[in-house]
Amino acid sequence: MTGAESTVVARVPVLNAANALTALRVLLVPVFGATVVVSAMTHAGWRMAACLIFVVASVTDLVDGWIARRFKLVTSVGKVADPIADKALTGAALVLLSWYALLPWWVTAVILARELGITALRFWVIRHGVIAASRGGKIKTALQILAITWYLWPMPAALVAVGPWIMGAAVLVTVLTGFDYIAQALRLRRQREPGLPL
């Protein structure tokens, strides 16, 4: 073959293992919600089922990200769908816990405002670059999952009081990391477009 070699650009198929797990997480959200409603947060067996569904859905978030990075299966669809699936699962859990008076509404409002705000912020700066998940962000996610799991599972009376402490830590880290992500986004825009009004 003479002349410049043709460059072959590998295209990542939208239908891949990582995106399939993200889709599964989206599908599990209404199943989880229905299970919580059936339990009315009073039936131990259904609460356990809801808790297990929530944990499985949360684990898919960790696994799909690892698969996407490990096997280079990152797609534009995945970048959009993954955070939406995460917020849908977390949001459904928090709203239902507040609906059944197990969690103060202000806690749900603070966490959801932060999560939705940071998701919007990521899309705002997406053409300038990607805001990578920080260590604090990962701790935030772990604390939220642990706190929600604690509230969902029918804990013995002696352990019920531990839940609010875990949720309190989750709220604190959620708010602090939110400010950190805002700072990252502003720095990213200034670096890519110097002199751009913020």
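Reader: Which helix holds T177?

Author: T177 is found in helix α7, residues 162-192, where helices are DSSP runs of H or I with at least four residues, strands are runs of E with at least two, and both are numbered from the N terminus. This is a predicted model, in which local features need pLDDT of at least 70, side-chain atom pairs count only at pLDDT 80 or more, and totals for chains, interfaces and linings use all residues. Residues are numbered from 1 along each chain as its sequence is written, and side-chain values use heavy atoms, with hydrogens and water left out.

Reader: Is T177 buried or exposed?

Author: T177 is buried, because its relative accessible area is 7%, and buried means under 20%, exposed over 50% and partly exposed in between, with a 1.4 Å probe and protein chains only.

Reader: And what does T177 touch?

Author: Leaving out residues up to four places away in sequence, T177 touches R114, G136, G137 and K140, a contact being heavy atoms within 4.5 Å.

Reader: Switching to helix packing, at what angle do α2 and α5 pack?

Author: Helix α2 (residues 44-70) and helix α5 (residues 135-152) pack at an angle of about 165°, and their axes are 9 Å apart; the axes are lines fitted to C-alpha atoms, for helices over the stretch in contact, and angles run from 0 to 180 degrees between N-to-C directions. That makes α2 roughly antiparallel to α5, since angles over 145 degrees count as roughly antiparallel, under 35 as roughly parallel, 65 to 115 as roughly perpendicular and the rest as oblique.

Reader: Which residues meet there?

Author: From α2, R47, A50, C51, F54, V55 and S58 meet I145, I148, T149, Y151 and L152 of α5. By class, this contact of α2 with α5 has eight nonpolar, two polar and one charged residues, where Ala, Val, Leu, Ile, Met, Phe, Trp, Tyr, Cys and Pro count as nonpolar, Asp, Glu, Lys and Arg as charged, and the others, Gly among them, as polar.

Reader: How many helices and strands are there in the protein?

Author: The protein has seven helices and zero strands, and buried residues make up 40% of its 198 residues.

Reader: What about the backbone, say phi of A40?

Author: Phi of A40 is near 55°, a positive value in a residue other than glycine, and A40 lies in the loop between α1 (17-39) and α2. A40 is partly exposed, because its relative accessible area is 31%.

Reader: Where is A101 found?

Author: A101 is found in the loop between α3 (76-99) and α4 (105-124), and phi of A101, near 60°, is likewise positive in a residue other than glycine. A101 counts as exposed, because its relative accessibility is 68%.
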